[in-house]
Amino acid sequence: MASGLGFVIGHYPMDVFGEAASSPEALIEVDFLNGRVVRGKPSSSLEVAVALFAEALPEFCESNGAHAADFKVLSATFDTTPLGQRVLLLVTDQSGRSSTTEYRGVPLKRLKVLDGLGRARKKPRQVGAPI
């Protein structure tokens, strides 16, 4: 979805970041399990794409060694900040464990932070409450 091409659902061009920037809340939050936008004002085309992602989720999970039923929450918040494009991915499993992972840039990548020895490492997922 973030790439703008929607390959998981075929070839379905979209601009989720552009729509987030023009939305009153300056973001688009997608609930992938239920196939709906829960925050932000999407176009009808993006609403259709989100529903198609939800339909494709079971097969996508299976091809990656998981099951859609493993998730209680699977959502992404797309926004554009002065530092560029950002996605916050929130995952909660059926036992209630949750994590939030932040991705930025083009292409989207996990942020890097310095560890105690000054080495660049991927920013850890935030366990529990969203960022």
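Mentor: A residue counts as buried under 20% relative accessible area, as exposed over 50%, and as partly exposed in between. Ala 26, for instance, has a relative accessible area of 37% and is therefore partly exposed. The model is a predicted one, and every value below is computed from it.

The aromatic pairs come next. Searching the whole structure gives two of them. In one, the ring centres of Phe 17 and Phe 78 are 5.7 Å apart and the ring planes stand at 75 degrees, so this pair is edge-to-face; the cut-off for that class is over 60 degrees. Phe 17 belongs to helix α1, residues 16–22, and Phe 78 to strand β3, residues 71–81, so the pair ties together parts that lie 61 residues apart in sequence. Phe 17 has a relative accessibility of 4% and therefore counts as buried. Phe 78, at 3%, likewise counts as buried.

The other pair is formed by Phe 32 and Phe 53, and it is edge-to-face too, with 6.0 Å from centre to centre and 70 degrees between the planes. Phe 32 sits in the loop between β1 (27–31) and β2 (36–39), while Phe 53 is part of helix α2 (residues 44–63); the pair therefore ties together parts 21 residues apart in sequence. Relative accessibility is 14% for Phe 32, so this residue counts as buried. Phe 53 is buried as well, its relative accessible area being 8%.

The protein chain has two helices and nine strands, and along the sequence they follow the pattern α-β-β-α-β-β-β-β-β-β-β. Its radius of gyration is 15 Å, close to the 14 Å that the globule rule gives for 131 residues, so the chain is as compact as a globular protein of that length. The C-alpha trace spans about 50 × 35 × 25 Å along its principal axes. Of the 131 residues, 38% count as buried. Where contacts join residues at least 6 apart in sequence, 36% of them join residues at least 24 apart.

As for the surface, the accessible area of the chain is about 7800 Å², and carbon and sulfur atoms account for 57% of it.

Most residues other than glycine have a negative phi, and most peptide bonds are trans. Ala 26, although not a glycine, has a positive phi of about 60 degrees, and this residue lies in the loop between α1 and β1. The peptide bond from Val 106 to Pro 107 is cis, with omega near -5 degrees. Pro 107 is found in the loop between β5 (98–104) and β6 (109–110).

Finally, Arg 97 lies in the loop between β4 (84–93) and β5. With a relative accessible area of 60%, Arg 97 is exposed. Leaving aside neighbours within four places in sequence, Arg 97 is in contact with Val 91 and Thr 92. Between Arg 97 and Lys 72 the C-alpha to C-alpha distance is 9.4 Å, and the two are 25 residues apart in sequence.

Notes
Residues numbered from 1 in each chain as written. Predicted model: local features only at pLDDT ≥ 70, side-chain atom pairs only at ≥ 80, totals over all residues. Heavy atoms only, no water. Phe/Tyr/Trp six-rings, centres within 6.5 Å; stacked < 30°, edge-to-face > 60°. Helix = DSSP H or I, 4+ residues; strand = E, 2+ residues; numbered from the N terminus. Buried < 20%, exposed > 50% of the residue type's maximum accessible area, 1.4 Å probe, protein only. Rg over C-alpha atoms; globule rule 2.2 N^0.38 Å. Contact = heavy atoms within 4.5 Å. Areas by Shrake-Rupley, 256 points an atom, 1.4 Å probe, with all protein chains shown as cover.
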